[in-house]
Structures are given as structure tokens and as C-alpha cells.
Amino acid sequence: MKNPRYLIPHFFTADPSVHLFNGRLYIYPSHDIESGIPENDNGDHFDMRDYHVFSMESPESEVTDHGVVLDVKDIPWAGRQLWDCDVAYKNGVYYLYFPLKDKTDIFRIGVAVSQKPEGPFKPLEAPINGSYSIDPCVFRDDDGSHYMYFGGLWGGQLQRYRNNKAIECGHEPENDQPALPSRVARLSDDMLQFAEDPKEVVLLDRNGDVLKAGDHDRRFFEASWMHKYKGKYYFSYSTGNTHKLCYATGDNLYGPFTYRGVILTPVVGWTTHHCIIEFKGRWYLFFHDSVPSGGKTWLRSLKVTEIEYNNDGSIVTIDGGGV
Ligand code: FUB
């Protein structure tokens, strides 16, 4: 694949999670809409109401739209805003994990199930116990255990929590303090709950020092993704207000991870969000930008491009085309 390619021209999609199920690539994106809500730092303008699933034979082939697979009106505990989701498979069941504000306007992470990768998905009565914030990414390790990475700052509400407890007055730490990290928790055998208290995903610089809250070019903001390459764990994420996709590597899926560099420089739009998967021995980055909507940050379009690794395992930086 020479150039990045737009995948779904007929409407706006963002925050891709892509998985290979039964030899086919399934795309689970956010479905962006024109909500009419003015843009703000709380992300109120991202007022998405349903998910579609898409699939394709390969990153180069035509994309099939499987239609609406989950609607906010069918989720018993729903308030508003269906943001980035992910899907995992175990023992004949597909589990869709989604962040959604509950009736008190607090983000929780919910689960919906299906017998088929293309859905439709049936939501459970309540969100995962002890879940909070946004952007779930579920990673299956080689032993078959599943882990959820999650969290996002500002509109994603991660700054409102310390030690998995809501705090009175949510704020980011001072610039010289450790940055707020993503979280990771092993999932229960039935895939419906956390099997343990979420742990902090610590990011270090090359000297072994924890990245600081003021290090906006490198610290975690949102959009966690985990993949494994040549035995190493690659934790990748968005830096949010500096609009980069970065990565850090480690030998343990709980971390700590050492910062390695930028995967994608800023795209056109405010948010940047991605996933990385292997398909037939080649590696692909799925991401979004706001070029087709003329730069409207809340109307994004999915793209795919190939990524390359250097011999030392570092990823060759891709130009996102933004500023
Ligand atoms: O799509 C809404 C939010 O924008 C996602 O949850 C974030 O990762 C950002 O892409």
C-alpha cells in the first residue's frame, strides 16, 4: 500500500478498532454526526448515538457496511455520547466494549454481546463495575487472557480519578508531577467485568524517569492501543492537545513502557486516534482525519496506511498531513 487510503467515504467514522475474525477484517469505529452542539474542551460536540460495523477482505479491498449494530436508545443505563469502542472474541461470543455517559453524565464502560462479529450487539443491563473514563482497547495475550486498557483526559474525565476513586475536584497534576496514565485491568473469565483493580500504565523516558504532566509532547492523553511485535509490547496513544500518536515499548503488558517516538504527526482535525494490526505479515495503521469534512473536528473519516519497523523495532514516523 503506497498511500493512505480513505475507507468509508459515505459517512463520517473515527476511532478505529480493527480485528481479524474468521479471515476477514472487521472495523469497529465511532460514528460521527453533526450534533449542532458547539465545540468545547469537554467534547460535548462528539454526541454520537450509534455504531456501525464494517468489514473487508484486506486493507486494499472494498468495505462492506453491516449497518447499525448498537443504538444508544437500546442501552438501559444510557445518558449520552457513544465514543471509541473495541471488540474481543472468546468461546463463540463477540464482546463490544463501549464508553458512554450514564444518566449522571459520568463516563462508564459498557459491554454488548453478539454471536457474530458483524453484530447486532445486545447491551448488558449495567456498565462494568468500577469502570470509568473512555477509550477501551481490549488486548488478548498469547495465553488467551484479555486485558482492557482505557482512559482519556479532559472530556474523557480521567483527571477526575486517583487510585480508581472519583475525587472531589478533578484536575490534572502540576507540570512537574507525574502525568496521569492510562489504566489496564485483566478481564474476568466471562469477559464481562474487571478481574482486578485497574492499574496505572506508567510511561518512562529513556533515563527511566516517569513522563511529567507538563510534557505535552509525550505524555498520555487518550486512545490507548496495545500490540505485540517480535515479543515486545507496544503501547500506543494520543497526546491529545499536541495531536500526535506516540508509542512506548516494554517487556510486560502492565508496563512500565519506555517512550520510543511518534508514529503519526498531527492530522487535519483536533483528535487523533488509531489502531495497529498485522495482516498477512504486513502491519497497518488505521486512523482518522478531518480532511473530507473540510476540517470539522467532530466529522472525521477513517484511513489506513502501512507501517514499517526499523531493525531496532522502532516505527518509521508517518506524516499525518496536519500542522
Ligand atoms: O470520538 C470521541 C473521542 O475523540 C474519542 O473517544 C477520543 O479518543 C477522540 O478520538
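Two strands are taken to pair if DSSP finds at least two bridges between them. Strands (E, at least two residues) and helices (H or I, at least four) are DSSP runs, numbered from the N terminus. The structure is a predicted model, in which local features need pLDDT of at least 70 and side-chain atom pairs count only at pLDDT 80 or more, whereas totals for chains, interfaces and linings use all residues. Residues are numbered from 1 along each chain as its sequence is written, and side-chain values use heavy atoms, with hydrogens and water left out.

The protein chain contains 23 strands and zero helices. Its C-alpha trace spans about 50 × 50 × 45 Å along the principal axes. The radius of gyration, taken over C-alpha atoms, is compared with a globule rule of 2.2 Å times the number of residues to the power 0.38. For 323 residues, a compact globule would have a value near 20 Å, and the 18 Å of the protein chain agrees with this. Of the 323 residues, 59% count as buried, where buried means under 20% relative accessible area, exposed over 50% and partly exposed in between (1.4 Å probe, protein chains only). Contacts are defined by heavy atoms within 4.5 Å. Among contacts between residues at least 6 apart in sequence, 54% join residues at least 24 apart.

The accessible surface of the protein chain comes to about 13,300 Å², and 48% of that surface belongs to carbon and sulfur atoms. Accessible areas come from the Shrake-Rupley method with a 1.4 Å probe, and for residues only the protein chains shown count as cover. The chain carries 33 positive and 45 negative side chains, and the centres of the two sets lie 2 Å apart. In this count Lys and Arg are positive and Asp and Glu negative, while His and the chain ends are not counted. The place of each charge is taken as NZ of Lys, CZ of Arg, CG of Asp or CD of Glu.

Strands of a sheet pair through backbone hydrogen bonds, either parallel or antiparallel. Six bridges connect β21 to β22 (residues 282-289) in the antiparallel sense, and isoleucine 276 has leucine 285 in β22 as its bridge partner.

Strand β7 (residues 93-101) is largely enclosed by the rest of the structure, because nine of its nine residues are buried. Val93, Tyr95, Tyr97, Pro99 and Lys101 point one way from β7, and Tyr94, Leu96, Phe98 and Leu100 point the other way. On one pairing, β7 runs antiparallel to β6 (residues 86-90) over five bridges, and tyrosine 89 stands opposite tyrosine 94. The hairpin of β6 and β7 has two residues between the strands, and asparagine 91 takes a positive phi near 50 degrees there. Strand β7 also pairs with β8 (residues 107-114), to which eight antiparallel bridges join it. Here the bridge partner of tyrosine 94 is serine 114 in β8. The hairpin of β7 and β8 has five residues between the strands and includes aspartate 105, with a positive phi near 70 degrees.

Further backbone features lie in loops. A cis peptide bond with omega of about 5 degrees joins glycine 119 and proline 120, and proline 120 belongs to the loop between β8 and β9 (122-123). Another cis peptide bond, with omega of about 0 degrees, joins glycine 255 and proline 256. Proline 256 is placed in the loop between β19 (245-250) and β20.

Serine 133, in the loop between β9 and β10 (137-140), has a positive phi near 65 degrees although it is a residue other than glycine. With 0% relative accessibility, serine 133 counts as buried. Histidine 243 likewise has a positive phi, of about 65 degrees, without being a glycine. This histidine lies in the loop between β18 (232-238) and β19, and its relative accessibility of 16% makes histidine 243 buried.

Threonine 272 occupies the loop between β20 (257-264) and β21 and counts as buried at 2% relative accessibility. Leaving aside neighbours within four places in sequence, threonine 272 is in contact with Ala223, Ser238, His243, Lys244, Leu245, Leu264, Val267 and His288.
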